[in-house]
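Have the sequence and the model open side by side.

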Amino acid sequence: MNTLAEDAAPFRAPIELIASALRRERVRVGLSMGEVARRAGVAKSTLSQLESGTGNPSLETLWALCVALEIPFSRLLAPGRPETRVIRAGQGPAVHSAESDYQAILLSASPPGARRDVYNIAAEPGPGRSSDPHMPGVLEHVVIGAGRALVGTAEEPVELGPGDYIAYPGDVPHVFRALEAGTRAVLVLEHV
């Protein structure tokens, strides 16, 4: 089962950040636990476990909760106050897909007033990551660093290699499927 990866200093464990953020955002929008769970299509008990810090969510569950709460995904993993920090390769708050060999490490969350999040992607050949639409107006930018991948909207994905860049709407179904072992990319989510 794919789960949240172990976290490296200086961050708190991702599940602690997620639990705190889910509670904070649910209260901020004034929704009950049952209503958020219904909107996200997850069991209320799952949301309860996540808010208490005992859950073990997949990337898909977290994205569904973000859409239900109308927040960017990074808000679940971002530490509080901005500060100088270095994230070494393979470290940082990471989540894994339950559907494919795909890992996203949050490198930079969009602070208040800014409208972008930056992720480091590691993916291996296999079924690929199929994403449901994000919030309206989300634009995704991807630059391939190593390997090859099929990336873009589900209807018109494009094969990319090292150094190739693509931008596509993230508010429609979209995909990222590694075509070579060791595929690495940088993903920027732009909230417009």
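Start at Ser100, which counts as buried because its relative accessibility is 8%, and the cut-off for buried is under 20%. You'll find Ser100 in the loop between strand E1 (94-96) and strand E2 (102-108). Now look across to Ala178: Ser100 and Ala178 sit 78 residues apart in sequence, yet their C-alpha atoms are 9.8 Å apart in space. Keep in mind that this is a predicted model.

Time to zoom out. The protein chain has four helices and ten strands, and along the sequence they run α-α-α-α-β-β-β-β-β-β-β-β-β-β. Of the chain's 192 residues, 47% count as buried. If you take the contacts with a separation of 6 or more, 64% of them join residues 24 or more positions apart.

On to the helices. Helix H2 (residues 33-40) and helix H3 (residues 44-52) pack with their axes 8 Å apart, at an angle of about 115 degrees. That's why H2 and H3 count as roughly perpendicular to each other, a class that takes in angles from 65 to 115 degrees. H2 passes H3 in a right-handed crossing. On the H2 side the contact is made by Met33, Gly34, Val36 and Ala37, which meet Lys44, Leu47, Ser48 and Glu51 in H3. Sorted by class, the residues of this contact are four nonpolar, two polar and two charged.

Ala37 is worth a stop of its own. This H2 residue is buried, since its relative accessibility is 2%. Leaving out residues up to four places away in sequence, Ala37 touches Val42, Ala43, Lys44 and Leu47. Ala37 and Leu65 are 28 residues apart in sequence, with a C-alpha to C-alpha distance of 7.5 Å.

The axes of helix H1 (residues 14-29) and H4 come within 10 Å and cross at roughly 20 degrees, so H1 and H4 are roughly parallel to each other. Here H1 passes H4 in a left-handed crossing. H1 brings Ile18, Leu22, Glu25, Arg26, Arg28 and Val29 to the contact, while H4 brings Leu62, Leu65 and Leu69. By class, that makes six nonpolar, no polar and three charged residues.

Most residues other than glycine have a negative phi. Glu70 counts as exposed because its relative accessible area is 62%, and the exposed class starts over 50%.

Now for the interior. In soluble globular proteins, nonpolar side chains tend to be buried together. In this model the largest nonpolar core has 44 residues, and those with the most contacts inside it are Phe73, Val142, Val151 and Phe176. Helix H4 (residues 59-69) gives the most to this core, with seven residues.

For a last stop, pick Val151 and look at what surrounds it. Which residues does Val151 touch, not counting those up to four places away in sequence? They are Val142, Ile144, Pro157, Val158, Leu160, Ile166, Tyr168, Val175 and Phe176.

Definitions and conventions
Residues are numbered from 1 along each chain as its sequence is written. This is a predicted model: local features need pLDDT of at least 70, side-chain atom pairs count only at pLDDT 80 or more; totals for chains, interfaces and linings use all residues. Side-chain values use heavy atoms; hydrogens and water are left out. A nonpolar core is a set of buried Ala, Val, Leu, Ile, Met, Phe, Trp, Tyr and Cys residues joined through side-chain atoms within 4.5 Å. Buried means under 20% relative accessible area, exposed over 50%, partly exposed in between (1.4 Å probe, protein chains only). Contact means heavy atoms within 4.5 Å. Axes are lines fitted to C-alpha atoms, for helices over the stretch in contact, and angles run from 0 to 180 degrees between N-to-C directions. Angles under 35 degrees count as roughly parallel, over 145 as roughly antiparallel, 65 to 115 as roughly perpendicular and the rest as oblique. A crossing is left-handed if the near helix is turned anticlockwise from the far one by less than a right angle, and right-handed if clockwise. Ala, Val, Leu, Ile, Met, Phe, Trp, Tyr, Cys and Pro count as nonpolar, Asp, Glu, Lys and Arg as charged, and the others, Gly among them, as polar.
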